[in-house]
Structures are given as structure tokens and as C-alpha cells.
Amino acid sequence: MKNTVLITGCSSGFGKLAAKKFQSEGWNVIATMRSPEKEAELNKLDNVLVTALDVTSNESVKNAVSVGLERFGRIDALINNAGYGGHSFLEQFTEEQIYAMFETNVFGVMRVCREVLPYMRKQKSGTVINVTSMAGYMGLTLTSTYSASKWAVEGLTESMAMEYKPFGIKVKAVAPGAFGTNFVSASDNNFEGGDEEIRESSEKIGAHFLTVVEQMQNQSGKVADPQEVAEKIFECVITDAPVHNIVGADAEMLKTMMDSMPRQQFIDTLEDLLLPKN
Ligand SMILES: NC(=O)c1ccc[n+]([C@@H]2O[C@H](COP(=O)([O-])OP(=O)(O)OC[C@H]3O[C@@H](n4cnc5c(N)ncnc54)[C@H](OP(=O)(O)O)[C@@H]3O)[C@@H](O)[C@H]2O)c1
């Protein structure tokens with residue numbers, strides 16, 4: 001019997017590329033997205049079921065899992081990829097924006113896991129991959145809310161890996177660096193929020209952050225290709241990859257730096273890099 005993967009957030013970026021990767025490797029793919037009626041590519045591929053799934057809705061999650069199981073009979077891998085960013089000072093976001101980000105990036109992951117895990121337990125096998133971020137390993141400027149959401153999922157992943165090991169279920173995280181998907185345009189920033197001091201500061205820090213990311217990517221001499229993330233996700237499903245996985249030259253560079261020095265020294269180094277000098 002063919003393996004089946006369910007992936008969230010397949011309308012673009014890593015999710016769409018992962019759907020194509022699994023399909024090309026002979027897997028059945030339940031490619032889920034919020035607006036399947038807009039999809040024109042994945043539904044033309046053999047063994048791909050494009051179906052609606054909004055990670056913020058219990059009903060939508062239940063329905064997608066049930067439709068997927070009806071079509072393919074099992075789910076061997078679950079890729080929790082749906083998510084979005086938001087860059088602003090903590091004070092700039094409205095409370096609704098903060099809750100909404102957690103609803104998708106954290107509770108959305110839990111919701112889909114809770115629906116799929118009982119079937120994986122019945123199968124006595126399965127792999128869950130949670131797509132996090134390098135912002136889930138370290139504090140960066142203007143990412144406090146996003147970082148908190150991705151750290152939450154890194155912690156969730158590590159605990160779940162232990163909890164579900166006795167059931168034959170593997171749980172791992174893939175943490176990408178910066179890649180040119182729709183991520184930046186889809187980000188829910190609020191640079192207009194907060195008082196004048198915060199607004200001025202966020203503009204300055206934001207511009208500096210982009211320069212640093214660009215410099216790091218140039219230094220590595222590699223263009224960040226989102227396909228790399230799709231390949232990493234697939235590799236983590238089919239191999240004995242560890243619980244925590246990093247992907248992207250910038251993320252690898254930062255992680256190497258992080259591992260090479262005491263934590264406070266790393267935080268001081270990042271501050272030096274990310275806070276503009278004037
Ligand atoms: N690109 C990067 O630099 C980067 C770095 C680190 C981590 N990540 C993480 O990687 C994951 C994928 O992002 P990406 O870079 O591929 O960006 P992307 O192209 O914007 O894709 C994000 C996907 O998530 C979906 N999504 C958002 N909210 C959803 C919801 N409530 N229910 C279901 N789907 C939802 C989007 O669907 P719609 O089309 O309906 O909006 C889209 O398909 C995210 O978790 C992101 O945090 C990205």
C-alpha cells in the first residue's frame with residue numbers, strides 16, 4: 001500500500017512544494033488549503049487530493065482528515081506547515097492580532113495533531129513534522145510574538161516526540177531560515193501601532209534586520225531556494241532525522257554560532273548584530 005501524507009497550507013510556499021515532492025516520490029497526498037477552489041496546479045497531479053482545511057476550525061480539520069482517510073485509507077505522515085509571520089514590537093500588535101497568530105501557529109498545529117494522532121495510534125506508526133522557524137530557537141528583533149509561537153511549537157514537538165514514541169509515532173520539527181515564499185507579503189505586521197517612539201524604532205530596526213538577513217545570505221554564497229525546505233521535510237519523514245532540524249544557510253550559520261558559545265554570549269552577539277548602532 002502506498003504511503004499517504006496530509007499537509008496543511010498547500011496553497012503556496014513550502015506546503016505546495018512539499019506536496020509536489022511527496023507526490024513525485026510516489027506518495028498519496030492530501031494537499032489541504034483554506035481556498036481549494038483557487039488551486040490550479042496540485043489538483044492536476046495523480047494521487048493528490050486537494051481539500052479544504054483551515055487550521056483555526058475544528059470542523060474544517062475534522063472534515064479534511066475524514067475526506068482524506070476516505071480517499072486513501074491511512075495517513076502515514078502529517079506536515080503541520082500552515083502558519084504566518086508578523087514583525088512589529090509587542091506593543092504594536094492588537095490583542096486580536098496576537099491571539100490570531102497563536103490560533104494558527106500554535107493551536108492550529110495542536111488541533112490537526114489531535115485529529116490525526118488517534119489514526120496513527122491505530123496504525124501503530126506515523127510521522128508528524130511541525131514546520132517552525134529559526135525564530136523558534138532564538139529571540140530576534142520585531143519577532144517577539146512570532147518567536148513565542150514558534151518556540152511553543154518547538155517545545156510541543158520535543159514533548160510529543162517523547163509522549164508518542166511508545167506508540168511508534170515520530171514527531172519532529174523543521175525550522176527554516178529566511179526563504180522567499182509568500183511569507184513576507186502574508187505577514188501580519190502592525191508598524192502603525194504603538195506610540196511615536198515605538199513606531200520610529202520599529203522602522204529603524206526593521207530596515208536594519210532586512211539588511212542583516214541579506215548580508216548573511218550573501219555571505220553564504222547560496223540563494224535560499226524554498227525547495228530546500230520541501231526536501232528537508234521529506235528527508236525528515238523518510239529517515240531517522242533527529243527531533244530538531246534546521247534548514248537554510250542563514251539558520252545553519254546562526255545555529256552553529258549559538259552552539260559554539262554560552263547562551264548569554266550568543267544573545268549579546270545577536271543584539272550587537274540586530275540592534276542598529278544609532
Ligand atoms: N518563508 C520563510 O522565510 C519562513 C521561515 C521560517 C518559517 N516559516 C514557516 O513556514 C511555514 C510556511 O510558510 P511559507 O514560507 O511557505 O509561507 P506562505 O507561502 O505564505 O505559505 C503559508 C501557508 O499557510 C497557509 N495558512 C495560513 N493560515 C492558515 C490557516 N488558518 N489554515 C490553513 N492554512 C493557513 C497559507 O494559506 P492561504 O493561502 O490561505 O493564506 C499558505 O498556504 C509557516 O509556518 C511559516 O511560519 C517560513
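In this predicted model, the side chain of Lys150 places an N or O atom 3.0 Å from an oxygen atom of the ligand, a polar contact in the sense of a pair of N or O atoms within 3.5 Å. The protein covers 91% of the 890 Å² of accessible area that the ligand has on its own (Shrake-Rupley method, 1.4 Å probe).

Residues are numbered from 1 along each chain as its sequence is written. Local features need pLDDT of at least 70 and side-chain atom pairs 80 or more, while totals for chains, interfaces and linings use all residues; side-chain values use heavy atoms, without hydrogens and water.

The ligand has 28 residues around it, and Ser11, Ser12, Arg34, Tyr146 and Thr181 come nearest (near: a heavy atom within 4 Å). Helices H1 (13-24), H4 (144-164) and H5 (183-186) each supply at least two residues of this shell; helices are DSSP runs of H or I with at least four residues, strands runs of E with at least two.

Strand E5 (residues 126-131) has six of its six residues buried, meaning under 20% relative accessible area (1.4 Å probe, protein chains only). Gly126, Val128 and Asn130 lie on one side, and Thr127, Ile129 and Val131 on the other. In a regular strand, side chains alternate between the two faces of the sheet.

E5 pairs in the parallel sense with strand E4 (residues 77-80) over four bridges, where pairing takes at least two DSSP bridges. Ile129 is the bridge partner of Ile79. Six bridges join E5 to the parallel strand E6 (residues 169-176), with Asn130 opposite Ala173.

Note on methods: A polar contact is a pair of N or O atoms within 3.5 Å; within protein, one must be able to donate a hydrogen and the other to accept it, and residues adjacent in sequence count only if both atoms are side-chain atoms. Buried means under 20% relative accessible area, exposed over 50%, partly exposed in between (1.4 Å probe, protein chains only).
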